[in-house]
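Please look over the chain shown here before reading the notes below it.

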Amino acid sequence: QNLGKPVVFTGSQIPLREPYNDARKNLIMAVIFASSDTVSEVTIFFHDRLLRACRATKVNTAKLLAFDSPNIFPLAEIGINIEENEHLFNPPPRGAFRLCTRMDTRLVTLRLVPGFD
């Protein structure tokens, strides 16, 4: 709780060694957002969008638009300029950082696969 620094996860659909890839841009933009003082939460930067990590899901393994956040708009979108949706950012933390070490062990994992009957 009270995370005061940005944490930005990123990756690529096309490996960096390929002439055309999304890795370079994703990495550069992740570093830009990680050095930002406006974002103080865990995010994912992928395909020109900064998403709140706890609301993001992988939606495609074969297209550049691999992650989406279906129930909330992106925190930022990249075009010619960086367009931040500042009204969606979490407010700055008010207290000291706290790490929760106790987790509830009453957990069930349910895996759903499209087309699985």
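The notes cover the model, the fold, the surface and the charges.

This is a predicted model, in which local features need pLDDT of at least 70, side-chain atom pairs count only at pLDDT 80 or more, and totals for chains, interfaces and linings use all residues. Residues are numbered from 1 along each chain as its sequence is written, and side-chain values use heavy atoms, without hydrogens and water.

**Fold**
- The chain holds 1 helix and 7 strands, where helices (H or I, at least four residues) and strands (E, at least two) are DSSP runs numbered from the N terminus.
- Starting at the N terminus, the order of elements is β-α-β-β-β-β-β-β.
- Along the principal axes, the C-alpha atoms fill a box of roughly 45 × 45 × 25 Å.
- Among contacts (heavy atoms within 4.5 Å) with a separation of 6 or more, 51% join residues 24 or more positions apart.

**Surface**
- The accessible surface is about 9,100 Å², and carbon and sulfur atoms account for 57% of that surface; areas come from the Shrake-Rupley method with a 1.4 Å probe, and for residues only the protein chains shown count as cover.
- Of the 117 residues, 26% count as buried, meaning under 20% relative accessible area, with exposed over 50% and partly exposed in between.
- Val42 lies in strand S2 (residues 42-46) and is partly exposed, at a relative accessible area of 32%.

**Charges**
- The chain carries 14 positive and 12 negative side chains, and the centres of the two sets are 8 Å apart.
- Lys and Arg count as positive and Asp and Glu as negative, while His and the chain ends are not counted; each charge is placed at NZ of Lys, CZ of Arg, CG of Asp or CD of Glu.

Note on methods
Buried < 20%, exposed > 50% of the residue type's maximum accessible area, 1.4 Å probe, protein only.
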